[in-house]
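Student: I would like to go through the classifications in this model one by one. Please set each value against its cut-off.

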Amino acid sequence: MSNQAFTVVKRFKDDLRISPLRTCFLIPWYIFKIFCITYNKFLPRRNIKLLLRAYFFSPYYVVKLFLKLIQQQASKKKHNKKSAGYIANKILTEGNLKSFDGTVSVVIPVYNGGDDLKNLIAMLKKQEKVGKIEIIAIDSGSVDGSVEFLKKEDVNLTEIPNKDFSHSGTRNLGAKKATGAILLFMTQDALPMDKEWVFKMILPILEYGVVATTGIEKVKEKSTLFACLANNGFRQYFGANNGDRIAYLPCNKKDSYSLRRNALLNNIGCAVRKDVFTTFFYQGEYGEDLDLGVRLIQAGHKIALLSSIQTIHSHDRSCSYYLRYVYIDTKTNKNIFPDLYHSNKSLKEIIASAFCAYYHLQKLFTYIHSLQGDLSISEFFNSVMYFWNNSLKETFCEQEALAFGSWYSDSTVDDFFQMVLISFPKINLDGFSYIESQKHYFDVRLRNYIAVNFKSINADLRRQVIDTMYKDLMWKFAFDLALYFCDNQDKDNPLFITLEKMSKGV
């Protein structure tokens, strides 16, 4: 073909690189164009043989080019995944190995474990395809009979004073007492999903060359609406709906987002090779599992996120718990990944937005509480949004905004808001950043989730909606406060002092 023909082919390649789907429909045009150029090239020579060759082989060359470009795109996609720091794999909890004859040491910190602990121990003793399950419990001052129960169950029990408990130190102590080649860290309120759960957790370590694995949380039956939505958000953030994957250090080491997603380890169910763990151990007062994941992949190791295996676990916590939990969790993430989150909000702006949202939510919750009977999903959300939009147009009443102690509120949160007002009496109580965020949360995330999982809105579900909205506000408030105090080391600020005291022991 002539240079003109090659120019057309080059344009063809460029178009394919931009939009393969669009170019599929243009293939006939490119075939015709290449033939015309070839025909004009050889027409003066009246070479029928060359004309026939151009006619019959132009489609072949175009299709061949198209297939080659598709192959290049697939290779590029695979390279991009590698650059992102993970390998999409087959189901990693299936393999050639059918059992493990060795010992797996399950390490469980215990404090007033109650029925959850009893269910966990019973399920661990039913595990199959593993030679021996060694259960190591570190109790830090239980007073609910957990110690007596563990002694009867013939568990390797160590008792420590409650003041000596730490997320890292207590688990490290359990690991030192372990005799198994693989450690499995769990929390007392987690529950394996089936009798092969332990084997599935350790299989990627035995067969696929990873040093640690972690599963995905599955909320308990009858969990709160907020717990279900939080679990959905967690799954989306970490790509847990996309299948099992092996993660390692991203090629771009400054990309904190990729590093955060690939360093996921979760102590509700986290298996680690003992020889590797005893080189690293847990560190820090909080977020010890995430910190270990970061250090493992930074050292060149690979870990596995197992979407195909689930651990039953969820909490029904108060609003004040989320205020404390999100504060310390955000601080931990910010310290590990300094450029992961950014916020330019001033402390006054954060407080003003929180009080404004608190005020408008009081009115909204009162309206939701006044609704009667079962409502259709569209009827409920449309009526609430209509009320909310009109409510936002009304004049701000400072006296109502400062009226704490509503029927839905949390006394610890109310006391916290009172303390904030005392510490910052001249704050202008206006700001709509949280309001807009809450409206999106309500009208998009809540509406979509409820539409999929419920048929109508009854009184109990309306109470859960109120609870969910209130906790979401505390989540946003604590998140912004944590970012502010990470960037502004104001240790004498009364708000900082209060938050630090509240977050201890989470």
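Tutor: Start with contacts, meaning heavy atoms within 4.5 Å. Among contacts in the chain between residues at least 6 apart in sequence, 81% join residues at least 24 apart. This is a predicted model: local features need pLDDT of at least 70, side-chain atom pairs count only at pLDDT 80 or more, and totals for chains, interfaces and linings use all residues. Residues are numbered from 1 along each chain as its sequence is written, and side-chain values use heavy atoms, with hydrogens and water left out.

Student: What makes the pair of tyrosine 367 and phenylalanine 387 stacked?

Tutor: Rings of Phe, Tyr and Trp (its six-membered ring) pair if their centres lie within 6.5 Å; planes under 30 degrees apart count as stacked, over 60 as edge-to-face and the rest as tilted. Tyrosine 367 and phenylalanine 387 show 4.3 Å centre to centre and 5° between the planes, a stacked pair. The pair links distant parts of the chain: tyrosine 367 is in helix H13 (residues 347-370) and phenylalanine 387 in helix H14 (residues 377-391), 20 residues apart. Helices here are DSSP runs of H or I with at least four residues, numbered from the N terminus.

Student: Why is tyrosine 367 called partly exposed?

Tutor: Buried means under 20% relative accessible area, exposed over 50%, and partly exposed in between (1.4 Å probe, protein chains only). Tyrosine 367 has 22%, so it is partly exposed. Phenylalanine 387, at 26%, is also partly exposed.

Student: Why does the pair of phenylalanine 417 and phenylalanine 477 count as stacked?

Tutor: Their ring centres are 5.7 Å apart and their planes lie at 20°, so the pair is stacked. Phenylalanine 417 lies in helix H16 (residues 411-423) and phenylalanine 477 in helix H18 (residues 459-487), so parts 60 residues apart in sequence are tied together.

Student: Are these two buried or exposed?

Tutor: Phenylalanine 417 has a relative accessibility of 1%, so it counts as buried. Phenylalanine 477 has a relative accessible area of 1% and is buried too. Ring pairs link both into a cluster with Phe355, Tyr358, Phe416 and Tyr470.

Student: How do you know that the charged end of lysine 176 sits over the ring of phenylalanine 281?

Tutor: The test asks for NZ of Lys or CZ of Arg within 6 Å of the ring centre and within 35 degrees of the ring normal. The charged end of lysine 176 is 5.7 Å from the ring centre of phenylalanine 281 and counts as sitting over that ring. Lysine 302 sits over the ring of tyrosine 248, with its charged end 5.7 Å from the centre.

Notes
Helices (H or I, at least four residues) and strands (E, at least two) are DSSP runs, numbered from the N terminus.
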